[in-house]
Structure formats: structure tokens, C-alpha cells
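My plan is to look things up one by one and jot down what I find.

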Amino acid sequence: AGLVAYRLGAAETWLTDFQQSVLERAQRNIEANAPPEDVKAGRLKTMLLSWGAGDTADDLGKPDGIDVLLGADVLYSAIAWRALALTAKDLLSDDGVMIISTTGHSNGLSAPAEIEGFRTVVESIGGLRVKRVETLQGDYPRLQGYDAQVITVE
């Protein structure tokens, strides 16, 4: 999601994870897909971030908050949903949005079940609200049956 945001013109893009090995792989992707001058200027970078750790936007050098949080395939563990929602609450600017897409996971949860479960968590913590839930249908033969559910939270 981060590389796509960068390619679409995001002024600054951070790829985050809580595992160093994932960040190393993300850094290699950045180096392979972005002009070196953009990497040096900090337009695209990696950062260690653990959901629910209490990091605020100010801690990350963004005192006004983050405008857009994108997540793809991040709802695989219901145990982590509360930590993800709290992190979004701590990081988003007043007008910020979080957009998450999922196609479901092999743990038995369908994409709609993941989205509805996450919606319940978001609404229970306060300070955030679910703006929209959508289904994006795969138009390509290889993607049939892999419709994505998208939730927008603000």
C-alpha cells in the first residue's frame, strides 16, 4: 500500500512493521522502486512501529498527526484489532483517515467478518468512527472470488 501511495504522489510515505526482517525487505523494495533522490529526501522510508505501544504522532515527529493511514492485509489477527485501532487514534490528524483492505484469511474469517469485527472494535474505543465499508470486486479472471472489503475510519 505504501509504494502505491508513493507512486500516486504522496508527499511522504512510511512503510511500517514491528519486525525488523520485514522492514529490511521493505527497504529493498523502496530501493528497487523509487528514485534515489526521493529516498535520500525522506519521501519514502521504513519505520519500526508496534500497534498499541502508545506511540503518538508527536513521538514520530508529526505533531499535527498523520493524514492517511493505509493498511493492506492487516486484519489477519482479531487479537490485534484493538491495538491497531488505538494506534490509529493516536496517530491520525483531526481530519485524518485510515483505509484498510482485506480479502479474508485462512484462519477462517471471511473479509466481511474481519471488517465487521474491526468495525465493532473501532466503535467501542471512541474517538474514531467508521465512515464507509465497501466491497471491491475483482474484475480479472485470476481474482474471481477474491473480492476485497475496504473500511474507511476517521
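This is a predicted model: local features need pLDDT of at least 70, side-chain atom pairs count only at pLDDT 80 or more; totals for chains, interfaces and linings use all residues.

Charges came up as my opening topic. I counted 14 positive and 22 negative side chains in the protein.

The mean pLDDT of the protein is 83. I noted that 90% of its residues reach 70 or more. Where is confidence lowest, and where is it highest? It is lowest in strand β6, residues 148-153, at a mean of 71. It is highest in helix α4, residues 81-91, at 91.

Then I listed the elements. I found five helices and six strands. Read from the N terminus on, they run α-β-α-α-β-β-α-β-α-β-β.

I turned to overall dimensions. The C-alpha atoms fill a box of roughly 40 × 40 × 25 Å along the principal axes. Does the radius of gyration fit a compact globule, or what value would one have? With 154 residues, such a globule would have a radius near 15 Å, and the protein has 16 Å, so the two agree.

I looked at contacts between residues at least 6 apart in sequence. Of these, 67% join residues at least 24 apart.

My last entry concerns the surface. How much of the protein counts as buried? I wrote down 35% of the 154 residues. The protein exposes about 9,200 Å². Carbon and sulfur atoms supply 49% of that area.

Note on methods. Residues are numbered from 1 along each chain as its sequence is written. Side-chain values use heavy atoms; hydrogens and water are left out. pLDDT is the predictor's confidence in each residue, from 0 to 100. Helices (H or I, at least four residues) and strands (E, at least two) are DSSP runs, numbered from the N terminus. The radius of gyration is taken over C-alpha atoms; the globule rule is 2.2 Å times the number of residues to the power 0.38. Buried means under 20% relative accessible area, exposed over 50%, partly exposed in between (1.4 Å probe, protein chains only). Contact means heavy atoms within 4.5 Å. Accessible areas come from the Shrake-Rupley method with a 1.4 Å probe; for residues, only the protein chains shown count as cover. Lys and Arg count as positive and Asp and Glu as negative; His and the chain ends are not counted. The place of a charge is taken as NZ of Lys, CZ of Arg, CG of Asp or CD of Glu.
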